[in-house]
Amino acid sequence: MAARRASLRHDDSSTFLPGRRQLWFWLLALVIGIFAGLAAMGFRLAIDGLQSALYGTDDVSLLHSYVATLAWYWILLIPAAGGLVVGAIMMRFTKDGQVRSVADVIEAAALRDARIERGPGIASFVASWITLSTGGSSGREGPVVHFAALISSWIADRIKADGITGRDLLGCAVAAAVSASFNAPIAGALFALEVILRHFALHAFAPIVIASAAGTVINRLAFGDVTEFRLNGTTTVEFYLELPAFLILGLVCGLVAVAMMRAIFYSDDLATAAQKRLNVPHMLRPAAAGLLLGALAIGFPHIIGVGYETTSLALTGGLGAREAIVFVVIKVVAVAITLAGRMGGGVFSPSLMVGALTGLAFGLIATGAFPNQSGSHTLYALAGMGAVAAAVLGAPISTTLIVFELTGDWQTGLAVMVSVSMSTALASRIVHRSFFLSQIERRNVHLAAGPQAYLLCMFRVAGLMRKPTDLGAADSETCLSMIEKGLSVNETATLETALPRFEETGVAFLPVVRRASETGALELQGALFHVDALKAYNRALAATAEEEHS
């Protein structure tokens with residue numbers, strides 16, 4: 001916290017890098033972009049390699065079709081074995097057994113000067129690789145984003161970067177990772193600004209774009225300049241008559257996104273309660289989830305891994321309406337099992353798959369009911385893919401662009417934008433925050449409320465109090481009298497607790513106490529003055545506003 005407070009003080013050298021220093025920073029952004037792009041490329045190739053070895057197929061792009069031909073016991077046991085390995089890794093390298101994700105990157109950017117836990121972070125990256133390779137039903141983009149953040153955090157430590165510079169480097173790493181994963185340079189840059197940094201400061205834009213371009217080049221050198229999904233035929237919109245259908249699709253997708261998020265969190269709570277009641281070790285939780293996934297995959301092999309084959313089928317109209325609806329339900333269940341089982345992976349690719357399936361089902365029904373007033377049903381799949389993903393990620397701008405860059409279809413912008421706007425508007429009214437911010441909120445960190453809320457938890461009372469020996473300290477006798485009346489605050493508390501006490505009591509200061517370990521009595525440590533707390537809070541707000549508008 002001390003480092004973060006120090007970084008909140010304005011530093012012209014980090015916010016406005018002039019001349020040569022700015023050039024060096026851009027070169028550093030390029031280096032980070034290259035390394036993050038290589039990490040994304042390596043992660044993708046590593047998943048393909050392990051999947052090929054475990055499932056015995058040379059073409060992992062058709063993994064789901066191949067898995068359907070395997071003996072049932074292989075389908076059952078491979079995910080369970082993968083879960084057991086993941087559990088062993090996380091038990092060894094983390095205290096809570098939880099795989100780190102994009103939510104941890106967002107929290108680090110806001111509260112920890114963009115620094116990421118190194119040991120648990122590397123363990124999480126390996127665990128996600130094993131999860132996705134052995135049948136876990138999640139996405140590869142979340143782990144890549146987190147690992148890219150590890151790279152930027154390591155570099156920030158090496159150059160002793162302050163908070164503003166650290167966050168800029170983090171944005172560069174994330175942009176490169178996303179652009180390398182999706183071959184989407186525009187969306188990668190905007191994702192870093194919209195989701196991770198949560199501002200569009202001008203000083204961060206140029207280096208982030210440089211890093212994003214570097215990540216894209218890495219991707220294209222490895223996999224060619226091709227889009228991730230190829231659409232069949234044309235995607236035309238009967239604009240005046242068909243736009244209301246896309247408005248309705250957006251609302252449907254918003255509800256599907258909410259259901260998906262709540263299913264994940266409900267499953268996590270249920271699994272945690274069951275684990276405590278049965279006294280199950282952390283190591284066995286991912287194994288149990290893998291076993292459930294294997295059982296589900298026997299009947300529905302499309303849930304295995306990232307799911308791009310099924311997403312491609314939806315975008316090309318290769319599924320019927322009934323199949324698409326069933327696949328949506330099964331995929332949501334599979335994602336909930338994977339993440340609640342602490343197996344690792346992200347929600348980006350699953351939300352794209354669920355959205356494409358939802359849009360296809362809606363499009364088949366809509367075009368079947370009004371064949372003369374509608375365009376292609378695959379256009380609905382494209383719009384649905386963006387609508388669900390945008391609502392889950394809380395990123396309508398970057399998700400809309402990712403849909404365009406993934407498919408190479410820029411002629412359907414209005415339909416996608418209408419669906420995305422309606423889905424995010426509805427989902428935000430029901431959930432009030434994105435999936436990532438909901439994860440952070442469940443840790444009792446209020447990032448979704450903005451800096452005026454989360455900055456309060458960064459300042460501990462002990463760091464702001466005046467000790468009895470300091471100039472202008474509170475009278476000790478008065479403090480002891482207030483303690484007896486219950487007017488005090490613990491030294492471990494933050495301004496989130498202290499400022500409401502000032503509002504309730506109207507006092508000028510609150511005694512700061514510590515409970516003695518031996519007697520349990522409250523010991524006076526000093527006093528927190530209301531004016532000192534407000535000054536620290538105002539400085540933090542001013543520094544945050546300056547960074548976001550520079």
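Reply: Start with Gln-525, which is in contact with Met-465, Lys-467, Pro-468, Glu-491, Val-512, Val-513 and Arg-514, leaving aside neighbours within four places in sequence; contact means heavy atoms within 4.5 Å. The model is predicted, so local features need pLDDT of at least 70 and side-chain atom pairs count only at pLDDT 80 or more, while totals for chains, interfaces and linings use all residues. Residues are numbered from 1 along each chain as its sequence is written, and side-chain values use heavy atoms, with hydrogens and water left out.

Gln-525 has 17% relative accessibility and therefore counts as buried, the term for under 20% relative accessible area, with exposed being over 50% and partly exposed in between (1.4 Å probe, protein chains only). Gln-525 belongs to strand 3, which covers residues 522-529. Strands (E, at least two residues) and helices (H or I, at least four) are DSSP runs, numbered from the N terminus.

The sheet is open and has three strands, in the order 1-2-3, with mixed pairing. Two strands pair if DSSP finds at least two bridges between them. For strand 3 and strand 2 (residues 509-515), there are seven bridges and the sense is antiparallel. Across from Glu-523 in strand 3 stands Arg-514, which is also among the contacts of Gln-525.

Next, the nonpolar surroundings. Leu-495 touches Leu-528, and also Leu-456, Phe-459, Leu-464, Pro-500, Ala-533 and Tyr-537, not counting residues up to four places away in sequence. Together with Ile-196, Leu-495 touches the most other members of the largest nonpolar core, which has 140 residues. Such a core is a set of buried Ala, Val, Leu, Ile, Met, Phe, Trp, Tyr and Cys residues joined through side-chain atoms within 4.5 Å. Helix 17 (residues 377-393) gives the largest share of this core, 13 residues. There is also a second, separate core of 14 residues, including Leu-293, Ala-297, Ile-303 and Ile-304.
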